[in-house]
Amino acid sequence: MGNWVENEGLSIFVVLVWLGLNIFLFWWFYLAYDLPQNFFYTRVLLGRALALARAPAACLNFNCMLILLPVCRNLLSFLRGSSACCSTRIRRQLDRNLTFHKMVAWMIALHTAIHTIAHLFNVEWSVHARVEEKGTLAAMLSRLGDSPNESYINFYRETIPNPVGGLYVAFTYLAGLTGVIITLALILIITSSTKIIRRSYFEVFWYTHHLFVIFFIGLVIHGAGRIVRGQTAMSLAEHIPEMCSKNFTDWGKKGACPVPQFAGNPPMTWKWVVGPMFLYLCERLVRFWRSQQKVVITKVVIHPFKTIELQMMKKGFKMEVGQYIFVKCPAVSKLEWHPFTLTSAPEEDYFSIHVRIVGDWTEGLFNACGCDKQEFQEAWKLPKIAVDGPFGTASEDVFSYETVMLVGAGIGVTPFASVLKSVWYKYCHDATNLKLKKIYFYWLCRDTHAFEWFADLLQSLETQMQERNNAEFLSYNIYLTGWDETQATHFVMHHEEEKDVITGLKQKTLYGRPNWENEFKTIARQHPGSRIGVFLCGPEGLADTLNKQSISNSEADPRGVHFIFNKENF
């Protein structure tokens, strides 16, 4: 149970607090419009739909205040790097910023749906009350404001009946028009954010996501029309709704109740979102400033399996292991930024990324760097590159543990290239102060060619450990998850050779997938009483498996072995 709290507890605590605040705000504002006397006549016109529209509006304000914070990458990196205000557990929650961002987005979608449906009823009833025959309290209230010295309660002032009246409100009133615009923007943002769209049509996701600018502008001015109106405090002092509503035909006559006066609610959304919007504006200004700094591509290396390596230099650039950057290539797209994990070590005099060619943008970068040509590419012909970052990730905490499990799937091995390079440099110079004592490295890949670009690094590290009589420091297991019968026969014939036929390493390549339960149990037996960091850069299915194994193989005793799961997110 103890490690369950460490792996999931704070995250669940944050989610429960967030859900609790949403429930509290919904219930509080529902009662704030369903019970008070100043909205008595508004409820006569609109019924319960009034409270059902205002309660989700409050929750929308709250969640729109939160939605931008998880994507303020520079702010998160600053908090993550500040040990004074950010413990290891809190840093692990900051690494789940995109998960929280998505949860808040779905909550915004839910409350938008409730808010919109409730207001559809409000508009229909307001239009109907305005055009119905005299004799009812709703009709009487709807006609207030037609005479001098009267204030209106029904925002709909025309006499066009439904359904045209409803369309008139939607496209001519400020609240209606902004509501339509921000709802359409939200629909486009959410539908283009699905995993299929992000992976297959990233440009669609990228451009539609920037509709958030229109969404927030519309959100801030949405309430400026003040269509939700209530009785003023001064009017309530001389006109008690529960009593005066029974004799509404006598309002204004001598000895009877005076005509009630109404005022619209002032817009409140800006008070919720102005802070996060300012922080995000600062975030974008920092990104723009960084993007203007000169970046020099010093080397382009073409690796097998449609992967290229870009080695770059930038004045003042400082990084830590496992961090990532955003890259823009104006020759390919003037607006698109794409995240890539840094594969270089902090000890190197350059920084590098490995790019797998899987889409239009990466294909464009491949061609812009001259990788589609046979002849040597001159340095001055290489494209200009803009870089934003670096930003912190879970892999930064690798050196905080004595024992770690590093799991990479395919190109997901890139953050661990940085880690292993840094370990190699530390051992080349002075490793006495290195807290990390044992690395279990797992790499899963479908194709044999994918191993080639990473094998040299493993060979160097393997040799370095043997020379220093510390061969047990690194245990690595490379799994080939896809092969054919011809390859399998070839591997069997060469199995007895000293070095592996694929990687050239002493450790032989394994076939299939790891038995994670056995791996975790074996490591737990070898390191009793340890806190073991589990770091993954790979698909969600593998993340679920490793997270479950981390929880199930951790002991309830605080002094026992505990697996702490961390996953790369960007």
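Author: Ala, Val, Leu, Ile, Met, Phe, Trp, Tyr, Cys and Pro count as nonpolar, Asp, Glu, Lys and Arg as charged, and the others, Gly among them, as polar. The model to which this sorting is applied here is a predicted one.

Reader: How do the residues of the lining of the second largest pocket divide?

Author: In that lining, 28 residues are nonpolar, 19 are polar and two are charged. Together they make up the 49 residues that line the second largest pocket, and H115, H119, A175, H222 and I227 are the ones that lie nearest its centre. The space in this pocket comes to about 1100 Å³.

Reader: Which helix supplies the largest share of the lining of the second largest pocket?

Author: Helix 6 does, with eight residues. Several helices each supply at least two residues of this lining, among them helix 1 (2–34), helix 6 (97–131) and helix 15 (269–291).

Reader: Turning to the cysteines, how many disulfides does a search of the whole structure find, and which residues are joined?

Author: A disulfide is a pair of cysteine sulfur atoms within 2.5 Å. The search of the whole structure finds one, and the disulfide joins C244 to C257 with an S to S distance of 2.0 Å. C244 lies in helix 14 (residues 241–244) and C257 in the loop between helix 14 and strand 2 (262–264), so the pair ties together parts that are 13 residues apart in sequence.

Conventions. Residues are numbered from 1 along each chain as its sequence is written. This is a predicted model: local features need pLDDT of at least 70, side-chain atom pairs count only at pLDDT 80 or more; totals for chains, interfaces and linings use all residues. Side-chain values use heavy atoms; hydrogens and water are left out. On a 1 Å grid over the protein atoms alone, a cavity is a set of points where a 1.4 Å probe fits but cannot get out, and a pocket is an open set with protein on both sides within 12 Å along at least five of seven lines; lining residues have an atom within 4 Å of a point. Grid points are joined across faces, edges and corners, and a volume is the space filled by probe spheres set on the points. Helices (H or I, at least four residues) and strands (E, at least two) are DSSP runs, numbered from the N terminus.
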